[in-house]
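Biologist: Hi, can you walk me through this one? I'd like to go bit by bit and ask things as they come up.

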Amino acid sequence: MKTTLSWLKSHLETEAPVDEIVRRLVMLGLEVESVADRGAALAPFRTAHVVSAAPHPNADKLQVCMVDTGDGILQVVCGAPNARAGMRGVFAPVGVTIPRNGMVLKQSKIRGVDSNGMLCSSWELGLSDDHVGIIELPGETPIGESFVTLLGLDDPVLDIKITPNRADCLGVHGIARDLAAAGVGKLRPLIVEPIEGGFDSPTWVHLATLHSEPCPLFLGRTIRGVKNGPSPRWLQDRLTAIGLRPISALVDITNFLTLDVDRPLHVFDADRIKGDLIVREARPGETLAALNGRDYALDGEMTVIADDHGVLSLGGVIGGESTACTEQTSCVFIEAALFDPVRTAATGRKLNLQSDARYRFERGLDPAFVAPGMEIATRLILELCGGEPSTVVVAGEAPAWRRTFRLRKDRTATLGGVALPEDEQKRILEALGCGVTDGDGAFVVTPPSWRGDIEGEADLVEEMLRVNGYDAIPTVPLERETALPKPALTVAQRRTGFVRRSLASRGLVEAVTYSFMASGDAEKFGGVRPELRLVNPISADLDVMRPSILPNLLAAARRNADRGLADGAIFEIGPQYADDTPEGQATVAAGLRHGRTGAKHWSDPGRPVDALMAKADALAALAAAGAPGDNLQVGSDPPSWYHPGRAGTLRLGPKALAHFGEIHPAILAQLDVKGPVVAFEVFLDAVPTTRKSGRGRPILKLSPFQPVERDFAFLVPEALPAETLLRAARGVDRKLIAEVRLFDVYAGAGLPEGRKSLAITVVLQPEDATLTDEQIEAFSQKLVAQVAKATGGELRR
Amino acid sequence: MDDFETTRSELKAAIDAAASREALEQIRVAALGRKGSITERMKGLGALDPDARRAAGAALNALKDEIAAAIEAAAARLSASELQARLATERIDVSLPVRPEPEGRIHPISQTIDELVAIFGEMGFTVAEGPHIEDDFHNFTALNIPPEHPARQEHDTFYLPEKPDGSRRVLRTHTSPVQIRTMLRDKPPLRIIVPGRTFRNDHDATHSPMFHQVEGLVIDKTSHMGHLKGCLIEFCRNFFDVEDLPVRFRPSYFPFTEPSAEVDIGCSRANGEFKIGAGADWLEILGSGMVHPKVLANCGIDPDEYQGFAFGMGIERIAMLKYGIPDLRTFYESDLRWLRHYGFVPLDVPSMVGGLSR
């Protein structure tokens, strides 16, 4: 919503400077987005008189002018063909900046003749594209005056953002009312004097909608004998200042009243209406050639104004070409009506048609201002275009708007945080147009017809608070209910944080990627149910909710490789979606490593990433998430997007907690990612959050006796999981064995076909006495026997 | 006794002359060993009369101690010079670059959420979460945004397919539905913040189809606009770490709060340099207000008994402001160079007592 300062002052008696007005508007909730001072760049330019003009001695197209600037006579070389003695123009002294090109004007010699300034064209001043000649001012123009003042450009334009609830401030008068309530001057009341009609309107109006809501009230009036021409300068200036193009007096008046008093109107060329006006729903197949030059196909949800021949305009949205006013128009029919906000909004959206009228109707207009609006419009038309008005045709009636609310007198204090005296509360509400009476220890408030947004006590409190200023609300610390804060995070949330920082401390870099992805890629990662396909995706490659985080990370790895970062490690902790229920959303820590472990380095040649690195990441994440590491079982049955032989699943009982391993080479090829890539997915919600009672740890028993280490190498079947051997060894004597470490894995030359060698170190920690050689020997034999039995292997000799 | 003196001086000379610890050891064995010259003399003492034995014994013991000490001193001297010689040959290039130690980074969004939790946690808030795929009731209707409300059109909602009953799920357009879920589930007093993903169908330089918001909700019997101001001023000053940061509250409009306020912080753009703090300009950073009585009623909370405030802000936005990150879209591009540059080291865990950031 734009207005100029002078326009605002036509509704508000105030001496407040523009800065103060802007500050108060902001504090009222009418956010000023910009204040454009159109005259600032033109401030140094003055009117001047060309005293004489003589040909330039050294150039055919130049003249040497003597210019009276009001401040002395200066010699100026000018190239404009229309420069001549006796004319008045716009003079730029040395030192000013030319708005069009930002050049600073210097004293100069042009072809050997001194030049002290410039006579300007309107192109150079940025006022138009006309650069044929210099500006010519009327002969009576005083000399040495500010050109800005002469143009009327010394009037700042305020651009005010009106929140959707404040339909009443979509007119300058409403803005002035708020300012007046806040003490910035006095509101000038609108003068509405009914004009008596001299005859009955020959055009009648019938409301024929199925129900009354689409158009509850329609006022019309014929004015005959009007003369439509350009509107006067003051009206054109106001419209131009806020970016509207003046068209003709009749059109400009409707635009002006829309902006000035928030009352959209429509003026039909009455001679082009065939019969009476009918307000009805559009019929299938009907179209409207609208004033904006476009054709619109209408439907039964839209409210139209029609005559005997068809649709003339779209109620509350836009007028039609067929009854538009032209220079020839001599008889008009003025429409002042109410249209339903919801239908107006729906119509505009459906047709993708925005207009000043729609913008106001869809926010809700003052139902009591239809007749006054008609009278103001009539008066302006008579004033600017002449003519003779008819009586007013009234169809329908204004909907009831009067509502009363109880307002407890302490509510500004208990809800708003600022205690306002009763008389101040009353003053503010009345200044905003409310009726206020006392009743039963509280106020009984009737909001004005233009404040349909006020729906209860809380709204009334806001009105008083904002007029009084939010600055005036004393700041109160938000006291805690307990002396020390309770943990802000649940156990699961805290664990997620541990997982994040654990993975990062392992060298993985955290990424955040979209929750959506391309459906084609999603198919490769388990697929997506139809309910997770977006109806209106932002683009075709972001059309489904992701079933896994990995595809997004793989895409990131590809992009990073394209940037020359072939080695990397990234992770994300975020959602994946199985269905559209809250339970279908799971929190997953997923990550991948690609390329080599690191760049070439003097101390470490590095190596390609491998599946067990991803396993280490998965285990670290699970440990941070509180999973019982000792009870995890590893299976070699990963989902299809992993390499079938180089990936696994970590389970707790039957529940999969994590997958890890190499990404399937076929998937890499399809996604155009260069391998190797190893990845992990840890399902954080699947990790049990139950905690043992208390935070105490088991007693630490430190044995005083020397631990003993013994090494064993076993020949086992090549397919045997190492885990089987390690479990068997640990199980030999859980009390005595402190640790079992796998220190060598070998398959190849020197071994029987189909066998591999696994070598372990077993650490024995006695608790009661140092182990004797005999005890150690007995233990070794037991271990060899049990491991051989469990693994189908034998001790390697 | 000449003989004694001779032994003494000869041994001392030999010790001084010894060039290695092996040579020194030979001298020790020759003098003090089982068959060494001093040992032999000790053996000869038995033949003397008691007085002479006492005198000669004392002298011999003194000589023995003296020689032993001299050998020890010589040994220490030799060790030191051997060490010197060894050190002279042992050199590494200390200018060599060290072995790389991988260190990851925490994404600025995660770090900012941790900061938010640290600040609001201190004020007694707990963290609540909710689903990203929402229904119409929680995302709009319960928040006093009826189907035809203009605000609904401005939300640029992502829709999922219509179900047989005509309903359709949406991707939540804000974190506010978690307010509703919390109020429906828990009894007041309530104090929660809700950081999380939100979605709007809008993509340009300043909009991303997915972004993060944090929502706050306080419900009790007494909290009013003064508390709202106190809470949010405290937050802004602590988060941006500017003690005297000007904070401005402006009336505004949200369907789910009444009265409503937008919150600006002071900043300056002097000389083309943006700075948060006292200055000529204001920057809008969050929306807030007293929870609308209809919203309370929609959640089964009696608006005549309970009241409170709510607020919401964009996490990327405040992160960009605090850490000088120029472009919103870069948050989701997973460019390793960006993540390493703007990311945080894993041990940098924000807390109020330990400081929000290093």
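Biologist: Which residue is the bridge partner of A:F571 in β31(A)?

Modeller: The partner of A:F571 there is A:G591. Before we go on, this is a predicted model, where local features need pLDDT of at least 70, side-chain atom pairs count only at pLDDT 80 or more, and totals for chains, interfaces and linings use all residues. Residues are numbered from 1 along each chain as its sequence is written, while chains are lettered from A and ligands numbered from 1 in the order in which they are written.

Biologist: How many bridges pair β30 and β31 of chain A, and in which sense?

Modeller: Strand β30 (residues 568-577) of chain A and strand β31 (residues 585-594) of chain A pair over 10 bridges, in the antiparallel sense. Strands (E, at least two residues) and helices (H or I, at least four) are DSSP runs, numbered from the N terminus. Two strands count as paired if DSSP finds at least two bridges between them.

Biologist: What sheet has β30 and β31 of chain A in it?

Modeller: An open sheet of seven strands in chain A, ordered β27-β30-β31-β35-β34-β33-β32, with mixed pairing. Its edge strands, β27 (509-510) and β32 (633-635) of chain A, each pair on one side only.

Biologist: And which sheet has β4 of chain A in it?

Modeller: That's an open sheet of five strands in chain A, β6-β5-β4-β7-β10, with antiparallel pairing. At its edges are β6 (73-78) and β10 (118-119) of chain A, each pairing on one side only. Inside the order, four bridges join β4 (residues 46-56) of chain A to β7 (residues 88-92) of chain A, and A:A48 has A:G89 as its bridge partner in β7(A).

Biologist: Helices next. How far apart are the end C-alpha atoms of α9 of chain A?

Modeller: They are 22 Å apart, which agrees with the 22 Å that its 16 residues (370-385) should span at 1.5 Å a residue. The expected span is 1.5 Å times one less than the number of residues.

Biologist: Which elements cover the buried residues of α9(A)?

Modeller: The cover includes β14 (217-224), α6 (249-261), β22 (331-338) and β23 (388-396) of chain A. Among the buried residues of α9(A) are A:V370, A:A377 and A:I381. A residue is buried if 20 or more other C-beta atoms lie within 10 Å of its own, exposed if 12 or fewer, and partly exposed in between; the C-beta atoms are placed from the backbone.

Biologist: What does A:A377 touch?

Modeller: Leaving out residues up to four places away in sequence, A:A377 touches A:I253, A:L257, A:L265, A:I334 and A:A336. A contact means that the C-beta atoms of two residues, placed from the backbone, lie within 7 Å. A:A377 is also among the residues with the most contacts inside the largest nonpolar core, which has 162 residues. Such a core is a set of buried Ala, Val, Leu, Ile, Met, Phe, Trp, Tyr and Cys residues joined through C-beta atoms within 7 Å. A second, separate core of 76 residues includes A:V512 and A:W641.

Biologist: How many residues of α12(A) are buried?

Modeller: 12 of the 12 are buried, so α12(A) is largely enclosed by the rest of the structure. Just after α12(A), A:G469 takes a positive phi of about 100°.

Biologist: Switching to chain B: how many helices and strands are there?

Modeller: Chain B has 12 helices and 11 strands. Its radius of gyration is 42 Å, well over the 21 Å that the globule rule gives for 358 residues, so chain B is more spread out than a compact globule. That radius is taken over C-alpha atoms, and the rule is 2.2 Å times the number of residues to the power 0.38.

Biologist: How far apart are the C-alpha centres of domain 1 and domain 2 of chain B?

Modeller: They lie 90 Å apart. Domain 1 is 2-89 and domain 2 is 108-342 in chain B, with bounds from an automatic or database domain assignment.

Biologist: How many residues of chain B are in contact with chain A?

Modeller: 68 residues of chain B are in contact with 78 residues of chain A. The largest share of that side of chain B, seven residues, comes from α9(B).
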